[in-house]
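Hi there,

Here is the structure I promised to pass on. Could you have a look when you get a moment?

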Amino acid sequence: MSMSREQAQQAKAKAQHQAQSKSKANGAAPPVIVEATTVGATTVSWLWYPRLPAGQISLLGAPGGGGKGLNAAEYTAIVTTGRAWPDGTPGPEPGHVLWCETEDPLAEVVVPRLIAAGADRNRVSFASRQAYADLGDDGLKQLIQSRGTRVIIMSPLVSFLVGLADINGELGVRDVLERLQATIDRTGCAVLGLAHTSKKADLRAIERLLGSVAFTNFGRSVLLVSRDRDEPDWFRLVHAKHNLSTKAPDLLYRPKHVGEDPRDQFVKLDWRRPDHDVDADHLFDLHKASNGKLSARDWLLRYLDQHGRSLASDVFDAAEQAGYSKDALRQAQYRENRVKSEKEGFPAQVWWWV
């Protein structure tokens with residue numbers, strides 16, 4: 001039997017009361033509304049300005065073999081020794097790094113890279129997925145505070161998001177990231193999550209990390225890496241998302257073997273500044289499908305650049321002749337914030353332009 005409106009309201013109120021009682025029983029304060037006048041303004045702290053904010057979650061994404069682990073080893077060396085960053089920015093006060101790893105073997109890969117990068121291994125600790133999970137939120141915060149941890153490397157990020165069942169579920173992703181953010185909040189410790197980039201067609205570079213867009217939406221800074229299109233021997237590091245700062249200039253790097261045996265992993269990075277910067281989509285050359293054909297997004301931008309403000313119906317007709325479906329064009333227009341849309345007249349007609 002269905003409940004009346006009054007019964008439903010009573011049931012909802014009861015459920016809210018039970019939730020608040022449970023929070024109090026667990027020692028957690030119930031949610032409160034905070035007045036803006038009671039919150040003091042503070043400045044953002046930085047581990048590496050403007051790429052890695054302290055006390056925040058950032059992401060580093062690259063295709064397989066793009067150098068995510070080598071970047072992490074370089075950053076670890078800088079944090080543990082206090083030397084300058086690759087762009088010449090002064091390094092931080094030396095601190096501890098917690099490296100959480102599930103992909104690369106420590107003895108054969110991670111440690112040789114740390115040695116090659118010049119890291120102070122006395123300030124580095126490793127954690128497996130189970131060891132990290134066993135810490136729990138309170139244990140992680142205690143470790144950060146007791147060891148002076150400046151960075152937590154999560155390689156890959158998704159392996160260490162305890163309680164996450166579906167990387168494509170936005171609410172679930174936000175829940176675990178909010179919990180992680182609450183743990184590192186006001187500790188000065190940054191989290192750098194490593195992630196592979198996918199090869200899905202018609203997605204912008206920033207959308208190719210992990211599953212749900214909640215990952216990149218939540219991250220305060222996102223760094224993307226791919227082989228440079230102009231100089232294939234070098235990789236380009238692009239600051240693809242920068243919520244707390246201006247965009248950082250691009251950097252180029254290439255691996256340099258410094259070991260005695262060419263088969264070992266004693267590899268470090270050589271860095272330099274390129275003569276120009278690019279956007280992440282250009283870096284990944286994401287506007288072309290695997291068959292060399294322009295993506296729907298790139299076709300749409302080119303069409304509007306050439307024709308100016310156009311009726312959407314005319315764009316659809318031209319796209320169909322070029323072999324693009326209406327659904328593909330609609331998705332491209334929705335995802336690309338440079339394409340503006342407006343309805344005019346009666347009956348209304350839709351216009352698109354860039």
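Below are some notes on a helix pair and a sheet.

This is a predicted model, in which local features need pLDDT of at least 70, side-chain atom pairs count only at pLDDT 80 or more, and totals for chains, interfaces and linings use all residues. Residues are numbered from 1 along each chain as its sequence is written, and side-chain values use heavy atoms, leaving out hydrogens and water.

The sheet is open and has nine strands, in the order β5-β4-β6-β7-β3-β8-β9-β10-β11, with mixed pairing. (Strands are DSSP runs of E, at least two residues; helices are runs of H or I, at least four; both are numbered from the N terminus. Two strands pair if DSSP finds at least two bridges between them.) β5 (124-127) and β11 (267-272) are the edge strands with a single partner each, so one side of each has no neighbour in the sheet. β4 (residues 96-101) pairs with β5 in the parallel sense over four bridges, and Cys100 sits opposite Ala127 in β5. Helix α3 packs on the sheet, touching β4, β5 and β11, and its direction makes about 160 degrees with that of β5. (Angles run from 0 to 180 degrees between N-to-C directions, with axes fitted to C-alpha atoms, for helices over the stretch in contact; contact means heavy atoms within 4.5 Å.)

Now the helix pair: α2 (residues 68-81) and α3 (residues 106-117) pack at about 50 degrees, with axes 9 Å apart. Gly69, Leu70, Ala73, Glu74, Thr76 and Ala77 in α2 meet Arg113, Leu114 and Ala117 in α3.

Happy browsing!
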